[in-house]
Amino acid sequence: MTNSLGRADFDVIAGWVRPGEKVLDLGCGDGSLLKQLIAERGVRGWGVDIEDSNVLATMKNGINVIQSDLEQGLAGFADAAFDLVVLSRTLQTVRHTQGILIEMLRVGREAVVSFPNFAYWKNRMAILNGRMPVSEDLPYQWFDTPNVRFFTLLDFETLCDEMGIIRRERQVLDEKGNLVTEEPNFLGSLAVYRIGRG
Amino acid sequence: MTKEKSGVGPVVAQRAHFAAPLKLRSGGVVPAYDLVFETYGTLNAAKSNAILVCHALSGNHHVAGHYADDPGSLGWWDNIIGPGRPLDTDRFFVVGVNNLGGCHGSTGPSSINPATGKPWGADFPLMAVIDWVQAQARLADRLGIDAWAAVIGGSLGGMQALRWTITYPERIRHALVIAAAPKLTAENIAFNEVARQAILTDPEFHGGHFYEHGVKPVRGLRLARMLGHITYLSDDQMAEKFGRRLRHGKFSYDYDVEFEVESYLRYQGDKFAGYFDANTYLLMTKALDYFDPAREDDGDLTATLARTKAGFLVVSFTTDWRFSPARSKEIVHALLANGRDVSYAEIDLNSGHDSFLMADPQYHAIIDAYLKNVTL
């Protein structure tokens, strides 16, 4: 799900990694995030994607890539093999939400998830006006969206609490990629969380 | 595009003699031996651009190009090697070698045993993948190649590439392990055993010394190959290729060829039995069965692959049930657990195990992209 518009959350993630750390990027697209993290932060990176075109694009970028279906989980990946497991703008497309979160924190010491905030004020407006929201961070029409889960910052935080997942850091961005500090569940379009095992 | 079509052109096989004995995994020794090999492209001054292509059960050193006197003699993996192809001979120096124990010119069971003056036959020692890798390493020495830029192989060839990374971690920078497995399953060994029994019980096998009797265990070898072929294809592909089509449009109620698939298998069996050596076939299937590098670490593949230093590309094919994607993933996950550089592609192709020989665009693009990132 990483696309050319999604660089603001990449910058947030870049701020959370240290040189030499091993990063697994789930749904890595063409490997742009890992390319940035390797170039700017000196991490070691592996991408995971199911699409042939993405696997090829990532490989052309010189980034390690594993062709695998996230809906099948991360079976076979060894426990704690990575420092950080990233799921960028993809959690909302995964049917087994809790399963993937558990798997990410099994395989990685920590995880980063970013997702569009359904409670962003423009999305609320769209609903009030009787239409499903279409925005920078929710760019699809209701009939062709790959998104299967629609949730908000509060929803996600509640789920983390229920699952005993620790939220270590949170950054919230507006549609232009600027940091949101007040009323994040209302003013934030995209949320980025760093989470760990409880 | 014309460049892509031209391939490497006419090629010549070479021969290297090795006078020093080779100690084998089995405890046996090959006192002296020859390896036949071919090369394509030019070895650079730093000798850093060499790729070794390892062959599978029925392959040999003639990987690409054709012999000047026979335009039809195209190498078995010609579609991937040549100027502008994934194994780009404008950039790489590609080496194909017939493994020890083979039947295409390298020393093997049909060669003369210097101790007896007769063909080795069944007395030729059984080979393990590690023995082939040792012999290949001596060929690399001979060619002045300290480290391969890459070793690539499909099936049993992929096992050799994997073995290189464990046995000679300093001498291989990249391994391309295609349609392979870290070890065979019981089912896979079972298929090999049926193939072997077909040969071993052929009355013309003569305990492996059939050469002296002027005969060949053609029936056994033919059956072995027919069985093998079934396992190299996929159900879908066979349905597509043959379905239930009849040779003569109706049943003839006898045991002649009726279904097209029978015709295909008989043709493949006959062709193979005509040129391949039965002892080599037996030895190759045993090398497959024995391969299990993690055995040295009580079955812990992650511990075994901790000794590797190479970068890896692992490729499997969705319809390959003889060497299924799940087996390739075992290699991938053991490498990931060690933090190794590894990429894995699962190619959606319907040709079963034989997919690794096909010129599929995605498959070849993956190999091409990987090798383009290999520094010389």
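A crossing is left-handed if the near helix is turned anticlockwise from the far one by less than a right angle, and right-handed if clockwise. The legends below describe close-ups of a predicted model.

**View 1. Helix 4 against helix 5 in chain B.** Helix 4 of chain B spans residues 186-200, and helix 5 of chain B spans residues 218-232. Their axes come within 7 Å and cross at roughly 160°. Angles over 145 degrees count as roughly antiparallel, so helix 4 of chain B is roughly antiparallel to helix 5 of chain B. Helix 4 of chain B passes helix 5 of chain B in a right-handed crossing. From helix 4 of chain B come F191(B), V194(B), A195(B), A198(B) and I199(B). They meet G220(B), L221(B), L223(B), A224(B), L227(B) and T231(B) of helix 5 of chain B. By class, this contact of helix 4 with helix 5 of chain B has nine nonpolar residues, two polar and no charged ones.

**View 2. Helix 4 against helix 8 in chain B.** Helix 8 of chain B covers residues 278-290. Helix 4 of chain B packs with helix 8 of chain B at an angle of about 160°, the axes 10 Å apart. That angle makes helix 4 of chain B roughly antiparallel to helix 8 of chain B. The crossing of helix 4 of chain B with helix 8 of chain B is left-handed. Helix 4 of chain B brings I189(B), N192(B), A195(B), R196(B), I199(B) and L200(B) to the contact. Helix 8 of chain B meets them with A278(B), Y281(B), L282(B), T285(B), K286(B), L288(B) and D289(B). The residues of this contact of helix 4 with helix 8 of chain B divide into eight nonpolar, two polar and three charged. A195(B) and I199(B) of helix 4 of chain B meet residues of helix 5 of chain B and also residues of helix 8 of chain B.

**View 3. Helix 1 against helix 2 in chain A.** Helix 1 (residues 7-14) of chain A and helix 2 (residues 32-41) of chain A pack at about 40°. Their axes are 10 Å apart. That makes helix 1 of chain A oblique to helix 2 of chain A. The crossing of helix 1 of chain A with helix 2 of chain A is right-handed. R7(A), F10(A), D11(A), I13(A) and A14(A) of helix 1 meet S32(A), L33(A), Q36(A), L37(A), E40(A) and R41(A) of helix 2. In this contact of helix 1 with helix 2 of chain A, five residues are nonpolar, two polar and four charged.

**View 4. The interface of chain A and chain B.** Here 20 residues of chain A are in contact with 19 residues of chain B. The two chains bury about 1600 Å² between them, with 56% of it on carbon and sulfur atoms. One salt bridge is found across the interface. The side chains of D341(B) and R44(A) meet in a salt bridge, at 3.2 Å from N to O.

**View 5. A salt bridge between two strands of chain A.** Over all chains, the structure holds 31 salt bridges. One joins the side chains of D83(A) and R109(A), at 3.6 Å from N to O. The pair links distant parts of the chain, 26 residues apart. D83(A) sits in strand 4 (residues 82-88) of chain A, and R109(A) in strand 5 (residues 108-116) of chain A.

Technical notes
Residues numbered from 1 in each chain as written. Chains lettered and ligands numbered in written order. Predicted model: local features only at pLDDT ≥ 70, side-chain atom pairs only at ≥ 80, totals over all residues. Heavy atoms only, no water. Axes fitted to C-alpha atoms, helices over the stretch in contact; angles between N-to-C directions. Helix = DSSP H or I, 4+ residues; strand = E, 2+ residues; numbered from the N terminus. Parallel < 35°, antiparallel > 145°, perpendicular 65-115°, else oblique. Contact = heavy atoms within 4.5 Å. Nonpolar A, V, L, I, M, F, W, Y, C, P; charged D, E, K, R; others polar. Buried area = accessible area lost by both parts, 1.4 Å probe. Salt bridge = Lys/Arg side-chain N within 4 Å of Asp/Glu carboxyl O.
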